[in-house]
Structure formats: C-alpha cells, structure tokens
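Biologist: I am new to this structure, and I would like to learn how to read its features one by one. Could we go through them together?

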Amino acid sequence: MYKILEAKQLATEIKLFVVDAPKVAHACKPGQFIILKINEQGERIPLTIYDYDSEKGTISIIFQEVGKTTRQLGRLKAGDELQDFVGPLGKPIEVTGSHKRIICVGGGVGVAPVYPKARALKNSGAEVVAIIGARSKDLIILEEEMKAVSNELYVCTDDGSYGEHGFVTQVLERLLQSQQKPDLVIAIGPLPMMKACCHVTKKFDTPTLVSLNSIMVDGTGMCGSCRVTEGGQTKFACVDGPGFDGHLVDFNELMQRQVRFVEEEKVAMERYEKMEGVKENGSCCLKNDS
Ligand SMILES: Cc1cc2nc3c(=O)[nH]c(=O)nc-3n(C[C@H](O)[C@H](O)[C@H](O)COP(=O)(O)OP(=O)(O)OC[C@H]3O[C@@H](n4cnc5c(N)ncnc54)[C@H](O)[C@@H]3O)c2cc1C
Ligand code: FES
C-alpha cells in the first residue's frame, strides 16, 4: 500500500498529493509517469510525476477531477492509502545540455507535466521561456513554481480574468515572431491545445515536443490501448512516449480514439455520483437524528 502523506487543493478540482513510494522515487526521471489504482476494484489511471524526493522516498502528483476515478481520488485525504502505484513508466525527457533556448507551454493541468521538464532544462543551463494558460483565473496552477524555473513567464486566461486575455497559442506566436528563435518548444495540455501549438510552430519551423495523454490500460506496451501514429508509424505512448514529435503526430486520429469510451465513462461517473449522494444523505440523516 502507498500512503498519501500530503493532500493539497491547488485550484478548483485540481489537487496535489505527496505519496510515499520510495522505489519509484529512487528510479524516476523528469518526464516519466506512474499508474495508480485506488483500491482492488479500481481502474488504473496514469498520472505524470510532477516532483520527487529520492531521499524522502516521495512522489508528487497533480491531477484534475475529470471523471469517476479522479473524482474518487480527490476524495482521499492525507493518511489514506492507495492500492497500487506502479512506475516509473515511459521515457524520460532527454536533457543533453544541447538546448540553449526553450519555450515551454502548459495548458490547464498540463502545466504539471511541463514543470519537471522546464526545471531539468533550466538546470542544464538552457534559457527557459514559459507560457501558462487556463480557462479562467481559478484554474491557473503552479505560477510561482514556473516563475522559479524560467527566465520569463507569460500567463494568460481564455476569459481574461487573469494575465493576458487569450490563448497560449497567441502568446506563443507573438514570441516566435518577435524573439530569438528557440531550439525547441514543449507544449503540454488538452489535445486541441497541443495540436494548435504545433500548427503555430510548424509555420516557424521550430521542433516541438508534445506529451500525449492517450488512454492507457497496462502501461507496458502489451494492450495496444495507447496506440498513436507518429510520422505514419504506430507507436505506444506508454513505452515509446509519452513525449512525441508534435509535427508528426496524427492528432485527428488520437482525438477520435480518446472518445471511444465516452458512454462507459458517463455511466461510471453517474453510478459513482449516485453512490456518493447516498453516502452524503446517509451521514446527513445520522447528523439530523443525533
Ligand atoms: C502519460 C499520461 C500522463 C498523465 N498525466 C496526468 C496528470 O499529471 N494530471 C492529470 O490530471 N491527468 C493526467 N493524465 C490524464 C489522466 O490519466 C486521466 O484524466 C484519467 O485517467 C481520467 O480518469 P477518470 O476515471 O477520472 O475519467 P474518465 O471518466 O475515465 O475520463 C474522463 C476523460 O479522461 C480521458 N481518459 C480516460 N482514461 C484515461 C487514461 N487512462 N489516460 C488518459 N486519458 C484518459 C477520457 O478520454 C475522458 O476525456 C495523464 C494521462 C497520461 C496517458
Ligand atoms: S497502455 Fe497498453 S500498450 Fe500502452
């Protein structure tokens, strides 16, 4: 069992957990992920390793409550335990010191997987320019942390409630037009955002790394669930990624594959909400009775 040592709310429906997982903490590198299972009957879900402390043996994860399992995870507190916490999985980001200038773009909860990469690249001596964005102010996360690992930070919101009014792609295009060309752009967030970022960077012929959140089951390259196409070749995000060349990824295919369990996800969420409702009403009745 893997104990949750710390549970913190970062934004509306976005939480950070610090988990006691010494073996993962000793072996992991920036860009890798874990697959966790809350309990014996639970679904396996992949989450990026946001931070780790190999001395303390801890792993930090950040997750957004988007469906049944992440909602259930969000109900856990410090002291609770997770059944499984498997990792590190996937390929780490290559930090060779050859990159001199990098633009890191994070959208929504995608800022969490951007952070360890930005930090590793900054520590390797690269100049890091960061752009973070969200739908609105209450969904902006890790602003201070990103500031600490970048030379310049730009913040924007879709509704203009904080920072610049607009999408991360607008800021990205402006910087590519007006500043020195970067060696690499890293873009992580919702699929439409990563696709739009790649559309922009292609115009400027700038290499772009994206991190694909395709639906995963085993996480070891056996089941085929996370299949993606990169440059016409079949790849598996869990073992060949999650980082891929954004200019070669078939985003349209991935978007279609991403909605293949929508009905099942809806049913699972409705069933869980019903169960939660029964529990809440139950405890409410007890309170009223006492
Ligand atoms: C390598 C990797 C790293 C990830 N890192 C993070 C992270 O750091 N923080 C974070 O909040 N989310 C991350 N995700 C996405 C996260 O795994 C999903 O949000 C989660 O599995 C949804 O489960 P659910 O039961 O709550 O929602 P569901 O009801 O199952 O689904 C809700 C939405 O999430 C998508 N989804 C469902 N299952 C998966 C899955 N196994 N993998 C990817 N997407 C899925 C569905 O297409 C749907 O749009 C990552 C995904 C991958 C592949
Ligand atoms: S999750 Fe099964 S092959 Fe990648």
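Biologist: How many residues does the largest nonpolar core have, and which of them have the most contacts inside it?

Modeller: Please keep in mind that this is a predicted model. The largest nonpolar core has 32 residues, and those with the most contacts inside it are Ile103, Val105, Ile131, Leu172, Val210, Leu212 and Phe251. Among the elements that give two or more residues to this core are the strands β9 (101-107) and β10 (127-134), while α6 gives the most, with 6 residues.

Biologist: How should I read a salt bridge, and which residue forms one with Glu65?

Modeller: In general, side chains of opposite charge can pair when their charged atoms come close. Here Glu65 pairs with Lys15, and their closest N and O atoms are 2.8 Å apart. The pair links distant parts of the chain, since Lys15 lies in strand β2 and Glu65 in the loop between β6 and α2, 50 residues apart.

Biologist: Is Glu65 buried or exposed?

Modeller: Buried means under 20% relative accessible area, so Glu65 counts as buried because its value is 9%, and Lys15 is buried as well, at 12%.

Biologist: Which residues are linked with these two in a network of salt bridges?

Modeller: The network joins Lys15 and Glu65 with Arg71, Arg75, Glu273 and Glu276. Within it, Glu276 forms a salt bridge with Arg71, the closest N and O atoms being 3.8 Å apart, and this pair connects helix α9 with helix α2 across 205 residues.

Biologist: Which residues gather in a patch of negative charge on the surface?

Modeller: That patch is made up of Glu43, Glu263, Glu264, Glu265 and Glu270, and Glu264 is found in helix α9.

Key:
Residues numbered from 1 in each chain as written. Chains lettered and ligands numbered in written order. Predicted model: local features only at pLDDT ≥ 70, side-chain atom pairs only at ≥ 80, totals over all residues. Heavy atoms only, no water. Patch = residues over 30% accessible without salt bridge, like charges linked within 9 Å, V, L, I, M, F, W, Y side chains within 5 Å. Areas by Shrake-Rupley, 256 points an atom, 1.4 Å probe, with all protein chains shown as cover. Salt bridge = Lys/Arg side-chain N within 4 Å of Asp/Glu carboxyl O. Lys, Arg positive; Asp, Glu negative; His and termini not counted. Charge placed at Lys NZ, Arg CZ, Asp CG, Glu CD. Helix = DSSP H or I, 4+ residues; strand = E, 2+ residues; numbered from the N terminus. Core = buried A, V, L, I, M, F, W, Y, C linked by side-chain atoms within 4.5 Å. Buried < 20%, exposed > 50% of the residue type's maximum accessible area, 1.4 Å probe, protein only.
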